[in-house]
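Welcome! Let's take a friendly walk through this structure, one piece at a time.

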2 protein chains.
Amino acid sequence: MKQNYKIIIEYDGSNYSGWQIQKNTSQTIQQKLENALTKINKKRVRITGAGRTDAGVHAAGQTANFFLDVDIPPHKIPIALNSELPADIICKKAEKVEEDFHARYDARGKKYRYRILNSNFNSVFVRNFVYNVYKKLDIKIMQKAANVFVGSHDFAAFCAAGSSVESTVREIYSLDLYAADNGEIWIDVMGNGFLYNMIRILAGTLIETGLGKRSLSEMKYILQSCDRNNAGFTAPAQGLTLLEVFYG
Amino acid sequence: MKQNYKIIIEYDGSNYSGWQIQKNTSQTIQQKLENALTKINKKRVRITGAGRTDAGVHAAGQTANFFLDVDIPPHKIPIALNSELPADIICKKAEKVEEDFHARYDARGKKYRYRILNSNFNSVFVRNFVYNVYKKLDIKIMQKAANVFVGSHDFAAFCAAGSSVESTVREIYSLDLYAADNGEIWIDVMGNGFLYNMIRILAGTLIETGLGKRSLSEMKYILQSCDRNNAGFTAPAQGLTLLEVFYG
């Protein structure tokens with residue numbers, strides 16, 4: 001009888017081609033985790049992540065589940081995993097869950113943070129985790145623009161081309177801007193799910209608004225147009241971090 | 001007539017063999033800066049740093065001076081330098097100074113921070129800038145131990161072997177511990193100068209005290225013994241950052 005485990009993982013996505021296993025590279029988070037788990041379990045283990053973060057995107061609270069043949073007390077899972085994982089992937093927590101728990105299907109929502117460093121100069125200490133915007137951003141205008149996107153909408157204008165999903169309707173529970181004390185501006189977004197590149201296009205659109213390149217009144221039009229060409233640029237992956245996944 | 005410039009530099013020391021130029025490697029901060037400055041000046045430039053940080057040690061406010069043949073407005077120096085420097089070295093500020101200004105001789109004091117991550121797990125976001133101590137540290141005891149070292153003392157017990165200095169007497173102006181909100185413990189030390197590895201040996205001794213491996217009453221004895229063998233271990237370089245250099 002296999003045991004289902006749920007884990008919380010933190011990773012620096014800088015050197016990875018994203019979460020999902022790919023044929024032409026072994027540099028994926030999922031691959032590194034499956035390698036480590038397979039070593040512990042002595043038999044092949046597959047892992048299911050709550051969200052497939054893109055290349056270069058980070059996580060502070062990615063959630064995943066997997067089945068082991070061996071029965072290991074949950075508190076020993078992070079220690080065992082971290083001894084096999086590279087330094088840029090860390091398992092923070094593990095617990096036993098019911099057999100039918102599924103990290104992706106059971107997720108009720110996710111929280112992401114887009115980190116902007118609004119400063120004349122980048123910072124060596126956070127450079128891999130922020131997007132550096134040199135010109136001064138108007139955070140108040142950005143918050144007003146952000147408010148337009150809260151709620152249930154068709155976010156087709158904020159979906160990268162090439163994505164094939166049944167519906168482009170998603171619900172954003174909250175979209176809040178914060179000025180952190182080290183010159184960082186955080187765009188914190190919580191929602192029931194996100195389209196391909198949706199948060200990075202939202203961030204890019206808000207940044208262009210904060211720079212005065214776009215007006216507040218455009219926001220409703222962009223959303224209603226359902227046309228990707230009307231929205232802003234796709235902000236770089238390195239600024240984005242998956243903070244938390246919510247369940248049940 | 002050459003112009004003397006003073007600059008403030010930030011660097012991630014992880015991939016460098018320290019500040020000072022060395023014969024067998026080009027991976028030094030000083031070398032990278034001199035290369036960039038020489039390119040800008042079109043003639044060889046030598047740079048003088050306030051402190052020679054060790055391999056792996058970082059800086060948020062290293063200070064240095066150099067002379068240029070070309071007359072460049074100070075606000076353009078960081079932009080010109082940063083376009084030539086690698087991403088892990090950033091010039092934050094520059095100003096013109098009197099001909100006799102010397103970054104090392106004129107320094108009145110320096111402030112360093114030793115960052116400890118006191119957590120069961122390391123963090124991918126700060127892993128290169130902290131020393132991760134898994135067991136719970138008693139920060140109150142550490143502060144009491146730290147107080148013993150404040151003032152003017154012979155710090156021979158806290159000086160790495162192989163160092164040849166005229167005097168091992170130094171003055172510590174302040175030595176304060178802070179619990180930051182992300183699980184970090186900071187050891188902030190300000191003084192008129194520091195011996196080779198002095199802050200890292202102080203940090204190591206305080207960590208051993210915070211773990212209960214050393215008693216508070218030992219501190220005075222260690223200091224007075226002037227014997228390196230009596231002090232604690234040399235805490236890893238990666239936790240140490242030069243925050244600021246004080247002048248005039």
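**A tyrosine and a strand**

At 10% relative accessibility, Tyr112(A) counts as buried, because buried means under 20% relative accessible area, with exposed over 50% and partly exposed in between (1.4 Å probe, protein chains only). This is a predicted model, where local features need pLDDT of at least 70, side-chain atom pairs count only at pLDDT 80 or more, and totals for chains, interfaces and linings use all residues. Residues are numbered from 1 along each chain as its sequence is written, chains are lettered from A and ligands numbered from 1 in the order in which they are written, and side-chain values use heavy atoms, with hydrogens and water left out.

Tyr112(A) sits in strand 5 (residues 107-118) of chain A; strands (E, at least two residues) are DSSP runs, numbered from the N terminus. Setting aside neighbours within four places in sequence, the contacts of Tyr112(A) include Thr53(A), Ile187(A), Phe194(A) and Leu243(A), where contact means heavy atoms within 4.5 Å.

Now turn to chain B. How covered is strand 9 (residues 184-191) of chain B? Six of its eight residues are buried. Two strands pair if DSSP finds at least two bridges between them. Strand 5 (residues 107-118) of chain B runs antiparallel to strand 9 of chain B, joined by eight bridges, and Leu117(B) has Glu184(B) as its bridge partner there. Strand 8 (residues 169-179) of chain B also pairs with strand 9 of chain B in the antiparallel sense, over seven bridges; here Trp186(B) is the bridge partner of Tyr178(B). Strands 8 and 9 of chain B form a hairpin with four residues between them, and Gly183(B) in the turn has a positive phi of about 90 degrees.
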